[in-house]
Amino acid sequence: MSGFQQIFKRSVLELVRRPIYWGAMFVLPLFLMLMLTNMMEQGLPSKVPAAIVDKDGTALSREITQNLGSLQMVDLVDQSNSFTEARHKMQEGEIFGFFMIPENFEKDLLSGKGPTITFYTNMTYFVPASLLFKSFKTTALMSKAGIMLNVAQTAGLSAEEVVPMMQPVNIVSRGLGNPGLNYAIYLCNSFVPCVFQLMIMLMVCFSLGQEIKYGGSPRLLAMANGNIWKAVTAKLLPQTIGWWILIIFMQSWLYFWQGYPMNGSWWWMTVSELLFVVACQSLAVFFFGVLPNLRLSLSACSLLGILSFSLAAFSFPVESMYGSIAIFSWLMPIRYNFLIYIDQALNGIDVWYSRWWYVAYIVYILLPLTVMYRIKKAFARPQYVP
Amino acid sequence: MGIFLKSYIKELKLITHDVGIILFLAFLPLAYPIIYSLIYNPEQVRDVRMVVVDHDRSALSRELVRNLDATQEIRIIGYAADLGEGKHAMNSHKCYGILEIPEGFEKKVGRGESSPAVIFAEMSLLLRYRGFLVASTNVAQAMGSEILAEDINTRAPLAGTLAVTDPLGVENVTMGNLESGFDSFIMPGVLILILQQCLVLAIGMAGGAKREKPWLYSDITGRTSGGVFKSMLGSGLAFLTVILLPCVYMLHYVPMMFTFPMAGDPFEIMLFILPMVIASISLGFCFQGVCSERESVFVLWVVTSVAFLFLSGLTWPRYAMAGFWKTLSDLVPATFGVEGFIRMNTNGASLSQVRPDYIALWIQAGGYTLLAFLIQRFIVAPARLRKLA
């Protein structure tokens with residue numbers, strides 16, 4: 001058996017024998033993947049708990065209450081008597097917002113005093129509050145339209161004339177790729193690969209660092225005849241293959257079983273995922289070369305790996321961040337994975353538009369070139385610093 | 001000196017002499033909230049780039065474009081000849097939305113016919129789409145009522161009352177996070193998560209260190225149930241002592257620095273967070289059961305932050321979670337910590353108003369301490385003793 005094969009075999013055995021590798025490579029990433037996709041399976045968190053404060057108590061106000069209650073997005077859990085009571089319910093977390101019909105509502109309306117409907121939304125929780133806002137606003141505007149229709153018809157206008165008059169300028173928004181604002185599609189496609197990035201990088205630093213910690217690195221180097229490239233590649237190749245299998249599984253899980261939009265080519269997405277694995281590993285090797293210390297390299301990977309969830313701009317766009325921070329979002333492989341996903345899977349556009357993102361992967365893969373000599377030095381004389 | 005006091009002092013020494021643990025208990029709580037808050041500090045998504053395809057080329061269509069450009073949310077970067085050119089701009093990542101105004105737009109609006117303009121929105125980030133929606137609704141309404149006021153009299157003088165005096169006002173009031181800022185929404189929850197995670201990570205690493213070199217800590221390795229328990233309480237108190245200042249810093253000074261909403265009573269908030277800190281410390285002692293070495297914590301625990309973020313209900317609310325995930329989230333200290341802290345800090349709830357969360361946290365604190373004792377007694381202590389023998 002050649003040196004390469006020996007190291008490869010040794011590395012495979014290590015992966016199989018130590019439970020911590022099983023945990024890091026299979027249990028954690030797969031659990032998170034399952035959790036994120038399953039938790040948000042509904043697409044949108046409908047039935048937002050809300051309340052109505054009906055101070056009027058007339059037939060009209062009850063009709064509005066009924067209309068509100070029949071909306072799919074709203075779950076009227078409560079009928080409060082006052083603003084204070086409803087606000088307390090909000091503070092206690094029972095409701096995310098409430099809809100208030102003022103006293104003498106019907107009377108004021110009929111006498112043309114122009115009463116006001118007010119709705120309150122708790123923006124400390126973005127998603128339910130936004131959904132509630134939409135439902136409340138729709139109900140309020142529908143009620144208003146109904147009332148205006150009545151008034152206008154008494155003034156001699158037909159319904160056909162009144163409806164476009166209500167809203168002469170109409171702008172329709174169409175979401176491309178994800179028209180239903182499905183949250184699972186929005187979040188899982190970025191967060192799941194980002195979990196992979198974190199774990200891929202940690203595994204590299206952990207397994208390389210272990211060689212130094214337990215003094216196995218000189219032997220590893222000897223098995224590779226002093227060729228550090230051979231040593232590191234053979235050591236990490238089993239992980240690469242493992243991650244390739246896992247990430248193809250992830251891809252199938254997201255776009256096939258979960259049915260998330262895949263409007264472009266499977267082929268280019270697969271190329272992206274495979275390169276992504278190697279890019280993450282290479283970046284981790286680079287970190288390890290810069291800081292050939294088990295704890296420090298793991299700290300660096302953890303810090304950047306966790307920050308990537310925000311920095312890679314899955315929810316808050318890069319162009320809205322401060323320039324000095326936005327730069328960092330371009331430093332992590334997941335950013336390019338995300339951009340390729342947007343272009344290739346979500347929007348299904350020509351791969352030409354994504355060409356630079358693929359080039360970025362190649363740059364990551366070349367990074368270890370600059371630090372291999374440092375890893376060789378550290379491997380030759382292993383020194384464990386706790 | 002009793003085992004309790006001895007463990008307390010020894011653990012304090014261990015913490016202050018271990019760079020790895022200091023990193024988790026000082027650098028992490030000090031620097032992380034700042035980095036994190038800075039990422040989202042612009043709060044609002046402004047001036048999302050949009051391209052216009054105007055098939056009408058009328059005064060009204062130009063006014064519509066001008067008005068959209070004037071909103072905070074949208075910035076018009078130019079005109080495209082047709083939808084294909086607009087798509088090309090979007091595909092080249094130059095814009096995230098295309099506004100298409102149909103031919104005859106002005107004429108139809110004048111005649112009171114429906115002729116909608118369409119915004120095609122790129123959907124990778126929902127915040128951009130939300131901006132388009134808000135801006136277009138506002139502009140359509142403002143322009144609509146203007147047109148209504150202008151021409152309703154010509155058509156039905158009696159109906160004029162409609163436009164002049166609004167028959168029904170509709171008003172929205174945002175509560176808690178008054179400006180609907182993204183930073184103010186996500187950060188209070190993230191602060192609590194950081195607090196829990198840095199405690200578990202630090203304690204996990206301390207556990208790994210003791211497992212690796214038990215001879216250095218032999219005098220505090222309890223050999224009886226009582227000894228194990230007292231020694232665990234002593235070490236736990238040491239972590240509580242050390243986290244006190246970072247905790248005040250994170251929950252009070254960080255929100256102050258970044259002007260997050262702060263509507264709660266600071267003392268009540270500290271009182272509320274105490275059982276969560278205790279529960280997190282005990283969770284850390286449970287975690288020691290699988291930390292056979294110092295560095296295990298990185299590989300096994302760091303990624304759980306993502307799971308806890310989602311379980312806390314910050315992004316996907318807990319009322320919409322399937323039973324299994326909800327039950328799982330009930331087991332995480334940060335879940336109730338996040339809920340209660342947001343209500344107190346952002347919505348101004350009092351301690352008595354977050355009573356269910358507070359009780360849940362004390363139950364967790366008790367439960368995890370008991371579980372931690374069992375794990376320390378039957379897994380961690382025997383493992384250390386085996387290595388000593």
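## Basis of the model

The model is predicted; local features need pLDDT of at least 70, side-chain atom pairs count only at pLDDT 80 or more, and totals for chains, interfaces and linings use all residues. Residues are numbered from 1 along each chain as its sequence is written, while chains are lettered from A and ligands numbered from 1 in the order in which they are written.

## Chain A overall

Chain A has 16 helices and five strands; these are DSSP runs numbered from the N terminus, helices being H or I of at least four residues and strands E of at least two. The radius of gyration of chain A, 29 Å, is well over the 21 Å that the globule rule gives for 386 residues, so the chain is more spread out than a compact globule. This radius is taken over C-alpha atoms, and the rule is 2.2 Å times the number of residues to the power 0.38.

## Helix 15 of chain A

The buried residues of helix 15 of chain A are A:Trp357, A:Tyr361 and A:Tyr364. They fall within an arc of 60° seen down the helix axis, so they line one face; the arc is that of the directions from the axis to the C-beta atoms. A residue is buried with 20 or more other C-beta atoms within 10 Å of its own, exposed with 12 or fewer, and partly exposed in between, C-beta atoms being placed from the backbone.

## B:Ser329

B:Ser329 lies in helix 13 (residues 323–330) of chain B. B:Ser329 counts as buried because it has 22 C-beta neighbours inside 10 Å. The C-alpha atoms of B:Ser329 and B:Ala307 are separated by 9.4 Å.
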